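I opened my notebook today to look up a few things in a protein model. My notes follow in the order in which I looked.

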Amino acid sequence: MTSEGSDWDRLPKRAAAAYEKLDDRLSRVRPECEGIDLFTADDLDADDMFVLDQICAVCPLRAPCRKYASEGKPAAGYWAGYYRRSYKPRKRKDSDDAA
Ligand code: SF4
């Protein structure tokens, strides 16, 4: 994750401050989630989230990660217990075409 010239620059102030702290810690600590695709997967089920919770529970970045998630409300991904599905348009039912 980097913060230069990206959507990170458009975050509200509190979220940007929380992200800055997280980014600073990330520059010194490599989190266990790095490289695990499940952390960025859509449609996690309860078993998946249990597995991710176990990883996050012992992560030294848990506090700044959770703070950023609560302030920045990232649109996707699993962040220290915070999970929000990516938006996917609903498929139209055949019955929607009738009329
Ligand atoms: S707490 Fe955040 S940084 Fe740590 S493993 Fe979980 S998602 Fe990754």
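Which residues are around the ligand? I found Pro 31, Glu 32, Cys 33, Phe 39, Ile 55, Cys 56, Cys 59, Leu 61, Arg 62, Cys 65, Trp 79 and Ala 80. A residue is near a molecule if its C-beta atom, placed from the backbone, lies within 6 Å of it. The elements that give two or more residues to this shell are α2 (46-57) and α3 (62-72). By class I noted ten nonpolar, no polar and two charged residues in the shell. Here Ala, Val, Leu, Ile, Met, Phe, Trp, Tyr, Cys and Pro count as nonpolar, Asp, Glu, Lys and Arg as charged, and the others, Gly among them, as polar.

**Ground rules**

I wrote down that this is a predicted model, in which local features need pLDDT of at least 70, side-chain atom pairs count only at pLDDT 80 or more, and totals for chains, interfaces and linings use all residues. Residues are numbered from 1 along each chain as its sequence is written.

**The overall plan**

I looked up four helices and two strands in the protein chain. Both are DSSP runs numbered from the N terminus: helices are H or I with at least four residues, strands are E with at least two. Along the sequence I read the pattern α-α-α-β-β-α. The chain has 99 residues, and 18% of them are buried. A residue is buried if 20 or more other C-beta atoms lie within 10 Å of its own, exposed if 12 or fewer, and partly exposed in between, with C-beta atoms placed from the backbone. I also noted that, of the contacts with a separation of 6 or more, 57% join residues 24 or more positions apart. Two residues are in contact if their C-beta atoms, placed from the backbone, lie within 7 Å.

**Helix α1**

α1 has 14 residues and reaches 20 Å from its first C-alpha to its last, close to the 20 Å expected at 1.5 Å a residue. That expected span is 1.5 Å times one less than the number of residues. Which residues of α1 are buried? I found Ala 18, Tyr 19 and Leu 22. They sit on the same side of α1 because they cover an arc of only 100 degrees around the axis; the arc is that of the directions from the helix axis to the C-beta atoms. The face turned away from this buried side carries the exposed residues Lys 13 and Asp 24. The buried residues of α1 pack against α3.

**Helix α3**

In α3 I listed Pro 64, Cys 65, Lys 67, Tyr 68, Ala 69 and Gly 72 as buried. What covers them includes α1, β1 and β2. Glu 71 also lies in α3, but I marked it partly exposed because it has 17 C-beta neighbours inside 10 Å. Leaving out residues up to four places away in sequence, Glu 71 touches Arg 14, Ala 15 and Ala 18. Glu 71 and Ala 18 are 53 residues apart along the chain, yet their C-alpha atoms are separated by 7.1 Å.

**The core**

The largest nonpolar core has 15 residues, and those with the most contacts inside it are Tyr 19, Leu 22, Cys 65, Tyr 68, Ala 69, Trp 79 and Ala 80. Such a core is a set of buried Ala, Val, Leu, Ile, Met, Phe, Trp, Tyr and Cys residues joined through C-beta atoms within 7 Å. I saw that α1 (13-26), α2, α3 and β1 (78-79) each supply at least two of its residues. In soluble globular proteins, nonpolar side chains tend to be buried together. Ala 69 is in contact with Pro 74, Trp 79, Ala 80 and Tyr 82, leaving aside neighbours within four places in sequence.

**Leu 52 in α2**

Is Leu 52 buried or exposed? Leu 52 counts as buried because it has 22 C-beta neighbours inside 10 Å. Its place is in helix α2, and beyond four places in sequence it touches Leu 38, Phe 39 and Tyr 78.

**Two loop residues**

Asp 43, in the loop between α1 and α2, has a positive phi of about 60 degrees although it is not a glycine. Asp 43 is exposed, with 8 other C-beta atoms within 10 Å. Ala 80 is found in the loop between β1 and β2 (82-83), and its phi is also positive, near 50 degrees. Ala 80 counts as buried, with 24 C-beta neighbours inside 10 Å.
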